[in-house]
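Here is a briefing on one structural model. Please look through the sequence and the coordinates first.

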Protein chains: 4
Amino acid sequence: MDRMSAAPPDPSPKRERLWRIIFLSDTPVGRAFDVVLLWLIALSVVTIILESVDEIRLPHANLFWTLEWIFTVLFTTEYLARLWSVRRPLRYALSFFGLLDLISILPAYLELLIPGTHYLMALRVLRLMRMFRVLKMAEYLGEASILLAALRASRRKITLFLTTVIGIVLVEGTVVYVLEHEANPDFANIPQAIYWAIVTITTVGYGDVAPITVPGKMMASIIMLTGFAIIAVPTGIVTSELGRAMGKPLAPRRCCNECGWEDHDPLALHCQHCGTKLSSSAE
Amino acid sequence: MDRMSAAPPDPSPKRERLWRIIFLSDTPVGRAFDVVLLWLIALSVVTIILESVDEIRLPHANLFWTLEWIFTVLFTTEYLARLWSVRRPLRYALSFFGLLDLISILPAYLELLIPGTHYLMALRVLRLMRMFRVLKMAEYLGEASILLAALRASRRKITLFLTTVIGIVLVEGTVVYVLEHEANPDFANIPQAIYWAIVTITTVGYGDVAPITVPGKMMASIIMLTGFAIIAVPTGIVTSELGRAMGKPLAPRRCCNECGWEDHDPLALHCQHCGTKLSSSAE
Amino acid sequence: MDRMSAAPPDPSPKRERLWRIIFLSDTPVGRAFDVVLLWLIALSVVTIILESVDEIRLPHANLFWTLEWIFTVLFTTEYLARLWSVRRPLRYALSFFGLLDLISILPAYLELLIPGTHYLMALRVLRLMRMFRVLKMAEYLGEASILLAALRASRRKITLFLTTVIGIVLVEGTVVYVLEHEANPDFANIPQAIYWAIVTITTVGYGDVAPITVPGKMMASIIMLTGFAIIAVPTGIVTSELGRAMGKPLAPRRCCNECGWEDHDPLALHCQHCGTKLSSSAE
Amino acid sequence: MDRMSAAPPDPSPKRERLWRIIFLSDTPVGRAFDVVLLWLIALSVVTIILESVDEIRLPHANLFWTLEWIFTVLFTTEYLARLWSVRRPLRYALSFFGLLDLISILPAYLELLIPGTHYLMALRVLRLMRMFRVLKMAEYLGEASILLAALRASRRKITLFLTTVIGIVLVEGTVVYVLEHEANPDFANIPQAIYWAIVTITTVGYGDVAPITVPGKMMASIIMLTGFAIIAVPTGIVTSELGRAMGKPLAPRRCCNECGWEDHDPLALHCQHCGTKLSSSAE
């Protein structure tokens, strides 16, 4: 995906060399670049997390301020280098990884306008997704593709399910609001009641909002017992799709030339129906 | 379903034309009517939700009062138009969508008798279910029918399961009530203890009611660990049924030329109904 | 089961007739007896639940006292009648339903010794399990037997799993106790910490006991993320077994006499492998 | 595993005899040793748990101190005897069970340095895992191996999934921190917000940390509804793998007479490795 949106630059040798280092990891230098980058990203995320703790930041305010700007300057340089070395900068800038790279440096500059937002730099953690590409974790990518295939296959069912859940939550929230809002300040308005219904139906159950009247508790009991059955649906969807997605790569269809029998083991040498030797090129 | 309960009216051309606009969406005008209606429903629901927030309603009380009555008059007119244009008004009024249409205007008038109930107008959100028909979301309907088929197939198992859960909750609530009610005002009576048992067994766990005595906590621990196993049952039911419901369309239909029997195993060589050899090209 | 433990009495006609009324429901009188009994049980359970609510009991203390003793006398008479009419009274008394019948009248007498225990009469709700027999809900019993078969098949796996969970909970409770007990009175002792671990691993999460120190919260986070994976295990077990249990009654094996092909559709008339007519007696 | 790391000692008869008693359970004495040991472990764990309860320890401080040191001396002696009798002491000491044995006596001595840590002796409960070996619970081991096989098969998917969840939790924690931290002291820093995100996504939901601002609650609602779909993934993984692991022993093994290939489809007519016709009697 990254490689697709970042087509090789025109043959200016300098830009070509830089592009190869930054975007590919098939040369020692390119690989070293990626590894150093990943460590810098991880370090900058840890820095931001630690900085948010008053007890740690206050005694070392200058240190954190310095570190943060070092990381920001480094990542900005890297972003500009990517833009310069790639053949179609706009296409890269609008690609998934391009937007991610931008998002991970923007909060530092946004901080100058809206204080407090620089913590969003922790979103840099998303850049670690490059890791999977660098570490050549082929097996993990294989597993991921099965998981993704299962999720993609159930996409429509999950959309339908989430729409239904949102409808249910709206109705339940309103009904409990009508029952509770006079006696219970926690149910002061419908959005608050919907928040409660979401907390309940997902079985999170903080308890910061809870019904106190008898009809409210009765309604809540019905909602919980119904939610019990509802929670089973997404699990059922993902499990079924996963079962299908996992079944497929296990059964590469090798059809016998003689009898057309299809259901062969990937390691089979002979057709298990008629005994004809299977052509090995089919794999 | 809607179309079933709303049979075409007698040939008075005016009523016929109105019926076509309101109930069908196969003409440009009929489609426009449905789209406008859906937007009006969505807007009216948003209005009601916002109105319930004191900070928003109080400064614009008149605006909300006006908006609410505009929506109510519009929906009442629409309801009467439906009743008038349809051939069998009573049958429509008692149909699923007919009742829904009534429910969505009733609270406004009920408010005049019982203050606070007009918020039930948010139940109008249920009318958005018409959306699926209008948008001709055939694929979504396909997915929905699989989900519904799985739920319908597990209907009896889920009924049985819910009955069992209600029995369990009654017994558990009573036992913990006997253990706790003297020390803990949260367990003042059995209905309250049953409410606690439902909150616990569904793993919602608000914490507004919780055992405080040692035997109460021991009993609660046993209940939670048992509930752990129980929660697996509905998931198992839905998953299994979903796997079956999803498995069916995957089974490649091989129809017998002689008798038309359709439900053959993919490996079958002969029709299992009449014994005719199946043509292998059907695969 | 009931019928098994209650063998027909010796031929004294009076006892025989009573036995037929009480234990069977194949005569109009026997059926009426069962229906009346079920309603009495349901009413007595509702009475006990309502009685536990102070606001309802206090104004009608005498009424509840009277009702309770009427039910107790009725059920005691019924219990003695069962003992007298059955051929082997001891065997009935020790059977599952016999013990249930005893348990449902005992608390009333126990109340005279230990005040407060008479609420255990709500355990009478368990007697409603007879309902399934009376109402001849054959389909429900079929479904129940599939559910029970799945649970029985996964019995050993669930035992193993619960043992593991108890071990995990013991270890986790101890570790968090060591980390928390000095700063947090909620973790005053290990049993309390184990209670917390159970509340956490089952995702109930009341919040009445929660870690407050940084290492305690870190440990709790690890426990929760691990529990995330653990909760999947019982669901997986039940789903797999349910899939198997549901698969079995659907596929009654009908073996072809000619070729031994086993995997036939229950409706198949001919072997789908060789085309021989299947013997219909195999069903 | 235990037996593997504890190779038979050199032929000094005394050490050989001791080794046989301690490590094996095939002689009456060896079996008695194991049973006594298991009871001692269980008793010592119960002692530690009871000791942590102030109400129980304070009146019997001396008793608990004595009991604890008796157990410690006994287990230390046992550990030294194991080290002495085994042929390769270092290999035993570094084996899984060897480390467990050390961990279960270390906290008593550590207590002399760091007060409060002796409660970690409750980790002794892990030594009860030897039980499965002693009781020769072959069926349970069979079940356990299916569960373990399913978990091992899904190891990579679960790793990937947990990594993703940690990433999600980091991002969600940061976003809610930015939205909440000024109004809500519960979200004072990012680690705290991450703790909240973990409590939420696992649906534990203590409620000790909860959003209070409107944007915070909206974000939390989105997180919960998303988590709803996410929680389905590990269940789906384990169920699918479990289905596969359970399916395998069900597949009747049909071994080829010629080449010994075992993994045949139940419907196969020819060996898929060498093409020899399979004997149909094997079914």
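The points below cover the fold, the copies, a cavity and some single residues.

The model is predicted. Chain A has 14 helices and 0 strands. Chain B superposes on chain A by a rotation of 90 degrees with 0.0 Å of shift along the axis, and that is the relation of a four-fold axis. A search of the whole structure finds 4 cavities of 30 Å³ or more.

**Fold of chain A**

- Read along the sequence, chain A follows the pattern α-α-α-α-α-α-α-α-α-α-α-α-α-α.
- Chain A has 283 residues, and 50% of them count as buried.
- Take the contacts in chain A with a separation of 6 or more: residues 24 or more positions apart account for 56% of them.

**Annotated spans**

- An unreviewed UniProt entry places the feature "transmembrane region" at residues 21-50, 62-80, 92-110, 130-151, 158-179 and 218-238 of chain A.
- In the model, residues 92-110 of chain A are 79% helix and 0% strand. The end C-alpha atoms of residues 92-110 are 22 Å apart.
- Residues 158-179 of chain A are 100% helix and 0% strand. Here the end C-alpha atoms lie 31 Å apart.

**How the copies relate**

- Two copies of a chain are related by a rotation about an axis and a shift along it.
- For chains B and A, the rotation is 90 degrees, the shift is 0.0 Å and the RMSD of the superposition is 0.1 Å.
- Why do the copies meet through different surfaces? Only 13% of the interface residues of chain B are also interface residues in chain A, so the surfaces differ.

**Second largest cavity**

- The second largest cavity holds about 50 Å³ of space.
- Its lining has 11 residues, and the closest to its centre are T203(A), M224(A), G227(A), F228(A) and T202(B).
- Which helix gives the most to the lining of the second largest cavity? That is α13(A), with 4 residues.
- In chain A, α12 (190-201) and α13 (214-230) each supply at least two residues of this lining.
- By class, the lining of the second largest cavity has 7 nonpolar and 4 polar residues.

**T203 in chains B and C**

- T203(B) is in the loop between α12 (190-201) and α13 (214-230) of chain B.
- T203(B) is not a glycine, yet it has a positive phi of about 60 degrees.
- Is T203(B) buried or exposed? T203(B) counts as buried, because its relative accessibility is 8% and the cut-off for buried is under 20%.
- T203(C) sits in the loop between α12 (190-201) and α13 (214-230) of chain C.
- T203(C) also has a positive phi of about 60 degrees although it is not a glycine.
- T203(C) is buried, with a relative accessible area of 8%.

**W196 in chain A**

- W196(A) is found in helix α12 of chain A.
- The relative accessible area of W196(A) is 1%, so this residue is buried.
- Which residues are in contact with W196(A), leaving aside neighbours within four places in sequence? They are V176(A), F187(A), V209(A), A210(A), P211(A), A220(A), I223(A) and, from chain B, Y206(B).
- One of these contacts is V176(A). The C-alpha atoms of W196(A) and V176(A) are separated by 9.4 Å, and the two residues are 20 residues apart along the chain.

**A188 in chain B**

- A188(B) is in the loop between α11 (155-180) and α12 of chain B.
- A188(B) counts as partly exposed, at 40% relative accessibility.
- Not counting residues up to four places away in sequence, A188(B) touches Y177(B) and S52(C).
- A188(B) and L38(B) are 150 residues apart along the chain, and their C-alpha atoms are separated by 47 Å.

**V35 in chain A**

- V35(A) lies in helix α3 (residues 28-51) of chain A.
- V35(A) counts as partly exposed, with a relative accessibility of 31%.
- The C-alpha atoms of V35(A) and R91(A) are separated by 25 Å. Along the chain, V35(A) and R91(A) are 56 residues apart.

Definitions and conventions: Residues are numbered from 1 along each chain as its sequence is written. Chains are lettered from A and ligands numbered from 1 in the order in which they are written. This is a predicted model: local features need pLDDT of at least 70, side-chain atom pairs count only at pLDDT 80 or more; totals for chains, interfaces and linings use all residues. Side-chain values use heavy atoms; hydrogens and water are left out. On a 1 Å grid over the protein atoms alone, a cavity is a set of points where a 1.4 Å probe fits but cannot get out, and a pocket is an open set with protein on both sides within 12 Å along at least five of seven lines; lining residues have an atom within 4 Å of a point. Grid points are joined across faces, edges and corners, and a volume is the space filled by probe spheres set on the points. Ala, Val, Leu, Ile, Met, Phe, Trp, Tyr, Cys and Pro count as nonpolar, Asp, Glu, Lys and Arg as charged, and the others, Gly among them, as polar. Copies are superposed by least squares on the C-alpha atoms of residues with pLDDT of at least 70 in both. Contact means heavy atoms within 4.5 Å. UniProt positions are given in the numbering used here, feature names are shortened, and annotations may be inferred rather than shown by experiment. Buried means under 20% relative accessible area, exposed over 50%, partly exposed in between (1.4 Å probe, protein chains only).
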